[in-house]
Amino acid sequence: MLGQLVVSGLAAGSLYGIMALGLILIYKTTHILNFGQGDMVMFATFIAYLLLTLFRWPFPAAVLGAMVAGALLGALVDRGVMRWARNAPVTSLFIATLGVGMILQAVAGWIWGYDTKPFPYALRGRPLFLGDVVLRQHDLLVLVVTVLISLVLFLLFKFTKVGVAMRATSQNRRAAQLMGINVGRIGTLSWALGLGIGALAGCLVAPIVYLDLTSMILVMIKAIAAAVLGGFTSLPGAVVGGLLLGVIENLFGGYMPSAIAPLKTTFVFVLIIVVLVLRPHGLLGERTAGGHG
Amino acid sequence: MKRVLILAVAWGMLAAGALGQTPGVTDTTIKLGSFIAQSGPVAVIGIPVMKGAQAWYSYVNDVLGGIHGRKIQFLALDDAFNPANTVAVVKRLVEQENIFALVNPLGTIGMAAVWNYILQNKVPVVSPHMNWLTLASPTVSHVFALQPNNESFGRAAAQYAVLETKAKRIGIAVVEDAMGTELLNFALDELKYWGLQPVVVVKYPGTETNFSAYAQVLRQSKAEAVLLFSYLADAAKLIVECDLLGYKPQFIGINTITLQLFDLAGKAAEGVVFPGFGTDPQDPTSPAAAKMREIYARYYPGEVMNAYAMIAFVGAQLVTKALQDAGPNLTREAFIAALNKVKDWNADGMIPPITYTPDDHYGIKTLWMNQLKTVDGVRTAVFLKEWNWAANR
């Protein structure tokens with residue numbers, strides 16, 4: 001039972017991790033916590049659903065289509081909303097992202113209805129057995145993709161010109177501008193990348209939690225917890241945070257008596273508070289996390 | 001001449017006064033009110049409920065010429081499934097809109113919020129779409145339940161596990177909310193009646209996304225039958241996780257389970273038993289369903305009528321039957337008296353028969369147990385048998 005709980009927990013945790021990546025990417029460069037990320041991811045995932053069901057696209061093509069749609073949506077949110085409101089207080093910008101999310105939720109409800117929709121696994125076929133422990137092929141794929149994306153983004157930020165420009169913009173917008181960085185374009189790029197990756201995450205999460213107007217938000221809440229645990233600015237940290245979260249909640253749910261087992265998520269949040277008291281920048285976060293450079 | 005005129009005016013005023021005593025009724029109209037979520041997460045149920053009821057009321061007005069010459073005004077307001085909204089909506093319906101009756105309202109939490117108000121104002125409630133036991137137990141003179149309540153679902157599921165699947169080890173998976181708790185308590189009581197206790201009770205919060213640990217706990221318990229007191233998507237997630245572990249107990253659900261479970265859970269849904277209380281409106285063999293689809297399509301062309309729309313349609317039919325039976329001099333008393341005389345009414349076979357008496361406003365008591373099965377390559381719900389838990393004791 002222990003092995004299965006850990007492996008299932010890792011599978012669930014990788015969903016939280018991958019959902020957190022897009023959110024952190026946007027936060028890292030713009031210092032805006034996108035409260036509408038869950039709704040935006042949901043909308044992009046519905047695009048994949050549309051391509052799969054109405055246009056009969058193969059799965060990889062539909063996911064790619066959703067990623068492009070997500071990226072366009074991200075660019076649109078930045079150009080259409082965030083840029084116009086950039087002089088507003090940060091809290092107003094948070095609310096603006098929430099507003100965009102709610103609009104998208106209403107539009108999605110109008111187009112696709114309120115029924116829960118099934119979404120195909122990226123990998124079908126017999127589950128993998130490791131002794132007594134069983135794992136879906138899809139779960140393994142999600143885990144691998146999550147780790148890969150976090151590493152690629154980590155390298156992008158660390159070693160590429162665009163990544164350095166993103167970090168510079170994040171640390172001091174005015175100075176970055178004076179150094180010749182087009183901060184507007186960097187902002188748009190961050191939003192596009194954040195929601196492009198969000199769309200990919202949505203397509204990998206949807207087979208497990210299904211697709212409706214709220215399923216992504218419920219996962220996103222845990223993704224935010226994972227991000228906080230990992231140290232909000234660290235991409236690998238979010239993945240580690242997500243995996244930890246998945247395993248801890250599974251162990252709690254598996255071993256605690258039924259009266260308190262449903263409190264597994266509450267327990268995780270309590271644990272996060274404890275971690276934040278001991279390490280305010282999270283497990284792998286930068287010490288400046290939370291500052292606004 | 002002058003005297004005749006004065007008499008005529010006085011008679012007119014008296015008549016208007018007499019009519020005015022019945023809220024919501026004029027010579028040409030009957031105003032019916034409702035709260036039905038049209039927005040928010042429960043809109044998935046609310047929208048078809050609204051359309052199902054509206055289709056029948058419109059048909060009565062447009063084709064059948066109304067009820068004794070009066071057209072029905074169906075005023076369904078959106079409470080977004082938020083009880084705070086329900087209170088405002090119902091007060092508006094009763095105090096400002098002056099409705100004759102509250103018909104086809106949706107959702108226990110909303111009704112619970114306005115329950116005392118309903119009891120005080122004595123506004124008739126007919127065809128409520130909820131499983132709330134309080135509607136029918138104890139009997140309230142002006143409230144008529146339609147759908148089976150959680151007592152029926154909870155006891156029937158437990159009884160089915162004991163008597164039909166002959167399971168000695170019974171597990172329960174239950175969502176932690178008012179519905180789940182009510183179902184759980186009745187199931188526990190029913191198991192006790194048959195000398196059993198569940199080997200495991202797995203409770204999960206309504207916001208859960210990860211069911212793997214719960215599936216583990218169920219498998220560990222070696223339960224042969226698992227009562228599934230869950231909403232559809234949660235039920236699908238849980239049985240998929242159980243299936244992944246190679247654990248295949250007999251799942252027995254409640255009325256939240258529909259054929260859609262096959263879409264969500266795939267082959268893992270095979271064999272799940274669940275209770276129904278209505279004919280599938282898409283049933284190709286039922287003339288009543290065909291007629292219903294035809295009327296629905298008249299107002300919502302191209303839209304597929306689902307089970308929620310069906311029960312609302314039937315509920316609306318019950319309302320208009322009682323309005324018709326109450327006669328041309330419509331009062332709330334006549335309406336309630338007509339409802340108390342409903343006997344073995346089944347909407348042409350669309351639902352199990354309903355009988356109301358002044359002491360019994362329970363509504364549907366008999367459940368139709370179904371099982372999800374693949375027949376000739378087609379995933380369908382196969383009718384197993386009728387189930388009346390009270391009669392089985």
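Author: Ile272(A) sits in helix H11 (residues 264–278) of chain A. Helices (H or I, at least four residues) and strands (E, at least two) are DSSP runs, numbered from the N terminus. This is a predicted model, in which local features need pLDDT of at least 70 and side-chain atom pairs count only at pLDDT 80 or more, while totals for chains, interfaces and linings use all residues. Residues are numbered from 1 along each chain as its sequence is written, and chains are lettered from A and ligands numbered from 1 in the order in which they are written.

Reader: Is Ile272(A) buried or exposed?

Author: A residue is buried if 20 or more other C-beta atoms lie within 10 Å of its own, exposed if 12 or fewer, and partly exposed in between, with C-beta atoms placed from the backbone. Ile272(A) is buried, because 20 other C-beta atoms lie within 10 Å.

Reader: Which residues does Ile272(A) touch, not counting residues up to four places away in sequence?

Author: Two residues are in contact if their C-beta atoms, placed from the backbone, lie within 7 Å. By that rule Ile272(A) touches Ala225(A), Val228(A) and Leu229(A). Leu245(A) is 27 residues away along the chain, and its C-alpha atom is separated from that of Ile272(A) by 9.2 Å.

Reader: How many helices and strands does chain A have?

Author: Chain A has 11 helices and two strands, in the order α-α-α-α-β-β-α-α-α-α-α-α-α along the sequence. The radius of gyration is taken over C-alpha atoms, and the globule rule is 2.2 Å times the number of residues to the power 0.38. For chain A the radius is 19 Å, close to the 19 Å that the rule gives for 293 residues, so chain A is as compact as a globular protein of that length. Its C-alpha trace spans about 60 × 50 × 35 Å along the principal axes. Of the 293 residues, 52% count as buried.

Reader: Which elements give two or more residues to the side of chain A that touches chain B?

Author: The contact takes 29 residues from chain A and 26 residues from chain B. On the side of chain A, the elements are helix H1 (2–30), helix H9 (215–230) and helix H10 (235–255). H10(A) gives the most, with five residues.

Reader: Which residues touch the most other members of the largest nonpolar core?

Author: A nonpolar core is a set of buried Ala, Val, Leu, Ile, Met, Phe, Trp, Tyr and Cys residues joined through C-beta atoms within 7 Å. The largest has 228 residues, and Leu21(A), Leu227(B), Ile239(B) and Leu261(B) touch the most other members. Helix H8 (residues 183–209) of chain A supplies the largest share, 17 residues. Leaving aside neighbours within four places in sequence, the contacts of Leu227(B) include Ala157(B), Ile172(B) and Ala187(B).

Reader: Where does Ala187(B) lie, and is it buried or exposed?

Author: Ala187(B) is in H6(B) and is one of its buried residues, along with others including Met179(B) and Phe186(B). The buried residues of H6(B) pack against helix H4 (108–121), helix H5 (150–164), strand E6 (170–175) and strand E8 (225–229) of chain B.

Reader: How far apart are the end C-alpha atoms of helix H6 of chain B?

Author: The expected span of a helix is 1.5 Å times one less than its number of residues. Helix H6 (residues 178–193) of chain B has 16 residues and should span 22 Å; the end C-alpha atoms are 23 Å apart, which agrees. After H6(B) comes Gly195(B), with a positive phi near 75°.
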